[in-house]
Amino acid sequence: MSANNDKSASPSGGADPRDVVNAHKPFRIDRLVLWTLTLGIAADFGWIVANNENFGWPVVAQYFFDPTVISGLYVSLGLTVVAMLIGIALGLLLAIARLSTDRLAHSLAGLYIWFFRGTPLLVQLIFWYNLSTLFPSISITVPFGPTLASWDTNSVITPMTAAIVGLALNEAAYMAEIIRGGLLSVDRGQAETAEAFGMTRARALRRIIIPQAMRSIVPPTGNQLISMIKATSLVSVIAMADLLYSVQSIYNRTFEIIPMLLVAVVWYLLITSILNIGQGYIERYYSRGDRRSGSAAKPAGQAGTPIVPDTPSPVIAQEASH
């Protein structure tokens with residue numbers, strides 16, 4: 001026994017080199033070389049771009065806060081907000097219809113999603129803008145009966161309404177699948193327990209299922225919002241004065257094409273960066289329950305921690321009592 005102790009003892013009373021307490025990761029020279037090379041290439045590229053007169057950075061600074069550009073920026077932001085709100089609301093209804101046991105609702109929702117996801121957004125926008133070629137007037141009529149009201153299509157379908165309708169209806173198809181996936185991520189037992197407590201399906205969906213599904217819905221919805229910001233640039237083809245259309249109108253006069261496009265690029269990057277930060281906060285808000293349960297969890301069977309059978313969620317019990 002003493003022989004073993006003598007062998008395991010560190011020489012001269014120093015720390016045992018085999019002790020994991022004193023272990024450290026080895027210095028990787030290859031990673032240092034890779035980082036140095038990458039930063040060097042990035043710095044060189046940045047220097048070239050900053051000193052290339054063809055980019056026209058003084059022109060970019062001159063027109064960055066131009067009233068025409070700011071007006072187009074407001075239009076792009078307004079279109080994004082309105083189209084996303086309509087798309088989310090309609091997408092929620094489509095997702096519920098897709099999950100419904102009613103064959104008619106399920107089939108109609110599937111047909112809608114199939115059509116709007118299967119055709120390019122640009123084609124949809126041009127179609128809505130030229131709707132008057134198919135229907136010169138928009139009417140409300142009784143089937144096979146008299147006309148109750150009628151409007152000229154060109155007075156109803158303006159570039160603004162065509163842009164909102166095209167963006168919102170297209171977004172609803174994608175949001176329907178995102179929301180449907182989020183609803184399916186919630187354990188089916190939640191709905192069954194809510195039903196056992198006497199809650200209606202609509203109330204269980206509103207109070208129990210959707211709040212839990214938000215953890216799966218928020219990240220892809222954030223991606224859709226960022227995509228929508230960029231998709232608003234497509235409305236420039238229907239003469240909608242968005243951000244891209246505004247910079248185009250300027251470089252058509254000044255012929256400063258690259259600098260004006262850079263103005264739009266910088267604004268798009270700035271907006272999407274802010275949205276990324278906001279998305280991160282929202283994701284952390286809806287995942288706070290997981291962080292708390294993870295930090296407070298104890299191993300099953302630990303001394304002083306009784307093992308009890310599963311019980312209904314306290315959220316369900318609280319909602320059912322109201």
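Begin by selecting Gln224, which, once its neighbours within four places in sequence are left aside, is in contact with Met84, Glu171, Tyr174, Met175 and Ile178, where contact means heavy atoms within 4.5 Å. The model is predicted, so local features need pLDDT of at least 70 and side-chain atom pairs count only at pLDDT 80 or more, while totals for chains, interfaces and linings use all residues. Residues are numbered from 1 along each chain as its sequence is written, and side-chain values use heavy atoms, with hydrogens and water left out.

Gln224 lies in helix H10 (residues 201-231); helices here are DSSP runs of H or I with at least four residues, numbered from the N terminus. Because its relative accessibility is 16%, Gln224 counts as buried, a word that stands for under 20% relative accessible area, with exposed meaning over 50% and partly exposed in between (1.4 Å probe, protein chains only). Show the side chains of Gln224 and Glu171 together, and you will find a polar contact of 2.9 Å joining them; such a contact is a pair of N or O atoms within 3.5 Å, and within protein one must be able to donate a hydrogen and the other to accept it, while residues adjacent in sequence count only if both atoms are side-chain atoms.

Next, select helix H11 (residues 243-254), whose end C-alpha atoms are 17 Å apart, in agreement with the 16 Å that its 12 residues should span at 1.5 Å a residue, the expected span being 1.5 Å times one less than the number of residues. Which residues of H11 are buried? They are Leu243, Leu244, Ser246, Val247, Ile250 and Tyr251. These cover an arc of only 160 degrees around the axis, which puts them on the same side of H11, the arc being that of the directions from the helix axis to the C-beta atoms. They pack against helix H3 (57-63), helix H4 (67-99) and helix H12 (257-286), whereas Asn252 and Arg253, on the other side of H11, are exposed.

At the N-terminal end of H11, look for the cap formed by Asp242, which has a side-chain oxygen 3.4 Å from the backbone nitrogen of Leu244. Just after H11, Phe255 takes a positive phi of about 65 degrees.

Now move to Asp66, in the loop between H3 and H4, where a polar atom of its side chain lies 3.0 Å from the backbone nitrogen of Thr68.

Finish with helix H2 (residues 29-50), which has 22 residues and reaches 31 Å from its first C-alpha to its last, close to the 32 Å expected. H2 is hardly covered, with one buried residue among its 22 residues.

How values were computed: Helices (H or I, at least four residues) and strands (E, at least two) are DSSP runs, numbered from the N terminus.
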